[in-house]
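Q: I'm new to this, so please take me through a close look at one part of this structure, the surface. I'd like one connected tour.

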Amino acid sequence: MTGLKADLGLSRGGFTFGVVLSIDPGQTAALLGPNGAGKTTTVETLTGLAGLESGRIELNGRTLDDPNHKVFVPPEQRQIGVVFQDLVLFPHISALDNVAFGLRGRGLDRRVARQRAAEWLDRLGVGSLAGRRPADLSGGEAQRVALARALVIDPDLLLLDEPLSALDASTRVDLRRLLADHLAEFPGPSLVITHDPAEAFLLADVIHVIEDGAITQVGTADDIRLSPGTKYAADLAGLNLFEGSASDGTVMVGSHPLQTADTSADGDVVATIHPRAISVHRSHPEGSPRNTWETTVLRVEHYGDRVRLQLGAPLPLTAEVTPGAVDALRIEEGSVLWVSIKATEIEVQPQ
Amino acid sequence: MSRRRNPLGVVILAVIGLFFFTIPLIGLLARAPWSDLPDLLSSEIVLDALRLSLISSLGATALSALLGIPLGLMLARAEFPGRSVLRGLVLLPLVLPPVVAGTALLFALGRRGVIGEPINEVTGLVLPFSIWGVIIAAALVAMPFLVISVESAVRNLDPRFEGAAATLGAGKWRTLRAVTLPMIGPSLAAGLLLTWARAFGEFGATITFAGNLQGRTQTLPLAVFVALEQDRDTAIAISLVMVAISLSVLILLRDRWWRAR
């Protein structure tokens, strides 16, 4: 097994799409990008639902699409397990038959196909729902059935398109754990396509950031968090980016002054503050931080072992704290908190 | 969902509309020769016509399924020049008087017809004045109902289901059989039902193209037409049979399919 090597080239009415992906067997890659960046096109070209205009797709040494040499393997011969966005479970047949569908297509007789499908439903904890139609399943249950349908065919490549976006927050945590387990077990290359950085950071070994039909950065979650290549990547990482004008170590962001340690910068600058560099307090903090102000918590987002706080006026900030801190400070949406940022934690770059 | 009441005016007009549909039935029921009914209906003419009507309407439905489903799929999915012309052609029998359709068939498939003559020379087959003629005439006017149901259903079907089937190893035929057709099932069933109902009631094209031969091409509607001239009681009796069959089929099958959805 040599994994996936894809160089995807396509143009669609003014939109030029050129994406290069390389995923090793056993590796999970994420394709992280905003809507309209080309995530759907990636799914379509990899599965063969759309053909390439240029480039090449090779999966485990087998060429799937190579327009230069007139090679095109149709989707039904590609052996790619897909969990589609919105799942696309067949509504007219049971969960069991949805899972057995791919096995029947590979020539297994009905009894054997159903037996193996039932085993997979059991493994994913939905064996008792085998007889139900998709319409009678909850979001999380349907997600498990869709995952079983993709895995049961023993695919060469596993593609998960926005696998958690349709789920509510509590189900999402469970499903993410389940997905992580199965991705770790899966021997082939897998690709998670998502617009949610938390999903990418938590599920993937390596992240490909896609913007406007092209990959703009490849790296681990830490690579992207610590040195985002583009403004989009910085936003994804929760990094706080402000445009302002600097003089004598003070950066004015609108009418809000930020005290920085950098006295050399002058004129238009970009100030960046890492979410973890922001401390929050119940009352006015004493001590060295030069930047302190009072603000309101707009949103509290749980990402596994970290919690992100979206803070409101006077300066919209994303802060990252531990669940313990949230409990200790009794932080919830609408809480009024004090923020403090050390001047040395604010990075200033000339624009 | 909250149920909203209709304005009184709408209710009144709807009741009048309902009356409009029931008056003909009332007329039929009021004049029905109830005591003679068993005798009238067991006559050879009526039994022949009933048999021919059932065979030809089911035959026309089968022919429509065979050709109309592919036509609907093509109109919905395939990109080709002249598609709107083709759609117009398929829908034409819906607006043309059936007698015109029958006349056209006669000149095309008749013994001296453009296509009918060579067919006759090669196979010896004469389409008009045979049960085949009845089936073809009925299919021509009834099939458009199936074509438009299939086309609109396939258009409304999310193509991602077929894409998903393809990634799961299903070729085009299996995708059609196991995904597309079952998913448009309710529309397909409704289209087949309408097609059958239209074929069962077909008159104009049939009498023009296939003639009115008892035991060969005389279906129930044709038998009513003939009886009306000679024996009104028989005409009423046959009409009642047609009403009973059509109404029970429409109520029973429609209800089942619509609820299943």
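A: Buried means under 20% relative accessible area, exposed over 50%, and partly exposed in between (1.4 Å probe, protein chains only). This is a predicted model, where local features need pLDDT of at least 70, side-chain atom pairs need 80 or more, and totals for chains, interfaces and linings use all residues. Residues are numbered from 1 along each chain as written, chains are lettered from A and ligands numbered from 1 in the order written, and side-chain values use heavy atoms, leaving out hydrogens and water.

Let's start with Lys70 of chain A. Lys70(A) sits in the loop between strand S5 (62-66) and strand S6 (71-72) of chain A; helices (H or I, at least four residues) and strands (E, at least two) are DSSP runs numbered from the N terminus. With a relative accessible area of 76%, Lys70(A) counts as exposed.

Now jump to Glu162(A), in the loop between strand S8 (157-161) and helix H5 (169-185) of chain A. Glu162(A) also isn't a glycine, and its phi is positive too, near 45°. But Glu162(A) has 5% relative accessibility, so it counts as buried. So here's a pair to click between: Lys70(A) is exposed, while Glu162(A) is buried.

Zoom out to the chain that holds them both. Chain A has 9 helices and 21 strands, and its C-alpha atoms fill a box of roughly 75 × 50 × 35 Å along the principal axes. Of its 351 residues, 54% count as buried. Its accessible surface (Shrake-Rupley method, 1.4 Å probe, with only the protein chains shown as cover for residues) comes to about 15200 Å², and carbon and sulfur atoms own 47% of that. As for charge, chain A carries 31 positive and 46 negative side chains, and the centres of the two sets lie 8 Å apart. Positive is Lys and Arg, negative is Asp and Glu, with His and chain ends left out; each charge is placed at NZ of Lys, CZ of Arg, CG of Asp or CD of Glu.

The C-alpha atoms of chain B fill a box of roughly 65 × 65 × 30 Å, and 40% of its 261 residues count as buried. Chain B exposes about 14800 Å², with carbon and sulfur atoms supplying 69%. It has 22 positive and 15 negative side chains, and the two centres lie 15 Å apart.

A salt bridge is a Lys or Arg side-chain nitrogen within 4 Å of an Asp or Glu carboxyl oxygen. The nonpolar patch is Leu8(B), Val11(B), Ile12(B), Leu13(B), Val15(B) and Ile16(B), together about 600 Å² of accessible area. Ile12(B) belongs to helix H1 of chain B and, at 46% relative accessible area, is partly exposed.

The negative patch is Asp36(B), Asp39(B), Asp231(B) and Asp233(B). Look for Asp36(B) in the loop between helix H1 (8-31) and helix H2 (37-41) of chain B. At 38% relative accessibility, Asp36(B) is partly exposed.

Methods
Patch = residues over 30% accessible without salt bridge, like charges linked within 9 Å, V, L, I, M, F, W, Y side chains within 5 Å.
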